[in-house]
Amino acid sequence: MTYRIAPSILSADFARLGEELSHVIAAGCDWIHFDVMDNHYVPNLTFGPMICGALKPHAKTAGGVAVPIDVHLMVQPVDALASAFADAGADLISFHPDASGHVHRSIQAIKAKGCKVGLVFNPAEPLDVLDWVIDDIDLILIMSVNPGFGGQSFIDSALRKIEDVRRRITACGKDIRLEVDGGVKVDNIRRVADAGADTFVAGSAIFGQPDYKSVVDAMRLALGTAA
C-alpha cells in the first residue's frame, strides 16, 4: 500500500505559510492539507480561497514537482466555496455530507471543476450515504476528532470506522484514498494504518516539533516505508 502524509497547515505558523509549505515538502510530505472552517458548520474560522491561491505556487518540490493541495471543507453550504477553492488551485476537495442539501449534486459539481472529490465523516456520523455514492468519489476522510479545532486527542472508536470503510472500498473495487484526520502521531500511526488507512493528516504532530523531517521520517519508519 502507498502511504501519504498530509500536514495540516492549521497548525503551521500563519505569519510564514509559504516557508512552512516549503519546509514540510522538503521534509518528505506528500499532500498539503487545508482545514477550511467557516465559524458556522464548526466553531472556528480559518482559510479562504485567496490563501489557497496564494500558496499554490509554493506547493511544489525543490525540483518543481507539484504537491497536491487537499482541501477539507468544514463549511455549510458547500457548493459555492468548493467552486472557489477549485478555481484557487485545489486538487482534492472533501466535504461533510450533512452540510450539503444534495450530496450527489455537490460531488458532481466538484468533479466538473476538474478536482477529485471526497466525503468526510465525523466521529459519531454513520456511513450510510456511501451506499449511494461510493462509486462517484475519490477519497473518504474519517475524522478521529470532532472537527473545529487542532491539537485534539485521537478517538479510538475511529479505528472501527476505518476498518468498515476499508471493507467498503475493497468491495466496490475502486481506487479510493482512505484518509484520517485528528490526533495522528508517531505513536499511533501504525494502528491507524493497520485499520486500513493510507493517508494521514498530521497537524501539531509535525508543526509542533522543531525538526519536521525527523517527525516525518519517524512516521514512515512506523509505517514500514522508511527510505
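Let's start with Phe-207, which counts as buried because its relative accessibility is 9%; buried here means under 20% relative accessible area, exposed over 50% and partly exposed in between, with a 1.4 Å probe and protein chains only. Before I go on, this is a predicted model, where local features need pLDDT of at least 70, side-chain atom pairs count only at pLDDT 80 or more, and totals for chains, interfaces and linings use all residues. Residues are numbered from 1 along each chain as its sequence is written, and side-chain values use heavy atoms, with hydrogens and water left out.

Tyr-212 is buried too, at a relative accessible area of 12%. The structure holds four aromatic pairs, where rings of Phe, Tyr and Trp (its six-membered ring) pair if their centres lie within 6.5 Å, and planes under 30 degrees apart count as stacked, over 60 as edge-to-face and the rest as tilted. Phe-207 and Tyr-212 have ring centres 5.3 Å apart and planes at 75°, so that pair is edge-to-face. Elsewhere, ring pairs link Phe-14, Phe-34 and Phe-47 into a cluster.

Now, the fold. We have nine helices and eight strands; helices (H or I, at least four residues) and strands (E, at least two) are DSSP runs, numbered from the N terminus. In what order do the strands of the open sheet come? The order is β1-β8-β7-β6-β5-β4-β3-β2, with parallel pairing, and two strands pair if DSSP finds at least two bridges between them. β1 (4-7) and β2 stand at the edges with a single partner strand each, so one side of each has no neighbour in the sheet. β1 runs parallel to β8 (residues 199-202), joined by four bridges, and Pro-7 has Ala-202 in β8 as its bridge partner.

Next, helix α3, residues 79-87. Which of its residues are buried? They are Ala-82, Phe-85 and Ala-86. Down the axis of α3, these buried residues fall within an arc of 105°, so they line one face of the helix; the arc is that of the directions from the helix axis to the C-beta atoms. The face turned away carries the exposed residues Ala-80 and Asp-87. Among the elements covering the buried residues are β2 (32-37), α2 (49-55) and α4 (103-112), with contact meaning heavy atoms within 4.5 Å. Just after α3, Gly-89 takes a positive phi of about 115°.

Finally, the whole chain: 53% of the 227 residues count as buried, and the C-alpha trace spans about 45 × 35 × 35 Å along its principal axes.
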